Amino acid sequence: MMTRQVIDIFPDELEEFKNKTRERDYLLIDVRQPSEFAEVHIPGAQLIPLPEIENRIAELDGEKNLVLYCRTGGRSSVAAALIKDAGARQGAIYNLVGGIAGWEGKGLKDIPHLELFPRDMALNQTLYRAMNMEKGAWLFYNDLAQEYKGTELGDMIEDIGGMEEVHARSIFTYWKKNNPASITDSFDETFERLDGRIMEGGKPISAWMARLGKDPKDRMLRLLELACEIEYYAYDLYRGLAKRDRDTEAVQTYLLLAEQEKAHIRVITKALDRFFGD
């Protein structure tokens, strides 16, 4: 068996892929909720909602290629990562960029592009930027928690926002330990000073907010979908930082943060099932 990377496949490439690949050699998996699938889906797709992916991986033949999609690509990228992390497989894993919206010719221009931290960035800068991104996520969630204040969803969003602050504190502890002479401010002073303007994906908070739309029910689904993307990007970032760092303590810190982000994803996927499951 071999380890496969997740491969982006664009809507115009999917039809060609389907035409050139025998049906018995691939599975087309829709990871949205049942109500979304019932409304519209790509012909030939099998429904396995994101909240069920980890418990149903055994159903996904390891010899076959997988093509995963959701509405815009966020949930399916999370599903692809979970499948990849579950173990090596012979078949390739594809994520449909733009999801079914892209397949239908909608809204590809709104999909953010992930910008990785430069490999030559100094450790101190990397840690400071990571703290700032956590501050951005904290601001994002706090704003939305106020919008849904007094509801179960609002409480969940507030809890996730609190976790982002805990992550920033963990990074600060390591950052200060490596710069004891030059850093005299406390965490609270540093966190207050951070602007948090740029979040995961290299996009400002306003860009993420703009993707939520205005329809109340649709906005709630988009919120949870975007939260999946945000946590997935953070998860992927910390795993990448762990792989390239040589300091044992730094690696352990990044891996711990990655696992915590993965736990956040599970919280959000359960919320998808709770609020939108049938």
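At what angle do helix 5 and helix 6 pack, and how far apart are their axes? The legends below take up this pair and then other views of the predicted model.

**View 1. Helix 5 packs with helix 6.** The two helices pack at an angle of about 165 degrees, with their axes 8 Å apart, where axes are lines fitted to C-alpha atoms, for helices over the stretch in contact, and angles run from 0 to 180 degrees between N-to-C directions. Helix 5 is therefore roughly antiparallel to helix 6, since angles over 145 degrees count as roughly antiparallel, under 35 as roughly parallel, 65 to 115 as roughly perpendicular and the rest as oblique. The crossing is left-handed, a term used if the near helix is turned anticlockwise from the far one by less than a right angle. Their contact (heavy atoms within 4.5 Å) has 17 nonpolar, four polar and four charged residues; Ala, Val, Leu, Ile, Met, Phe, Trp, Tyr, Cys and Pro count as nonpolar, Asp, Glu, Lys and Arg as charged, and the others, Gly among them, as polar.

**View 2. Helix 5 meets helix 9.** The axes of helix 5 (residues 123-147) and helix 9 (residues 216-244) come within 12 Å and cross at roughly 165 degrees, which means that helix 5 is roughly antiparallel to helix 9. This crossing is left-handed. Residues of the contact include T126, M133 and F140 of helix 5, and R219, I230 and L241 of helix 9. By class, eleven residues in this contact are nonpolar, one is polar and five are charged.

**View 3. Helix 6 meets helix 9.** The axes of helix 6 (residues 152-177) and helix 9 come within 13 Å and cross at roughly 15 degrees, so helix 6 is roughly parallel to helix 9. The crossing of helix 6 and helix 9 is left-handed. Among the residues that meet are L153, I160 and E164 in helix 6, and L223 and E231 in helix 9.

**View 4. Residues 107-115 have pLDDT below 50.** The mean pLDDT (the predictor's confidence in each residue, from 0 to 100) is 85 for the protein chain, and 92% of its residues reach 70 or more. Over residues 107-115, by comparison, the pLDDT is below 50, although this stretch has 20 contacts in the model beyond near neighbours in sequence.

**Notes.** Residues are numbered from 1 along each chain as its sequence is written, and side-chain values use heavy atoms, leaving out hydrogens and water. In this predicted model, local features need pLDDT of at least 70 and side-chain atom pairs count only at pLDDT 80 or more, whereas totals for chains, interfaces and linings use all residues.

Notes
Helix = DSSP H or I, 4+ residues; strand = E, 2+ residues; numbered from the N terminus.
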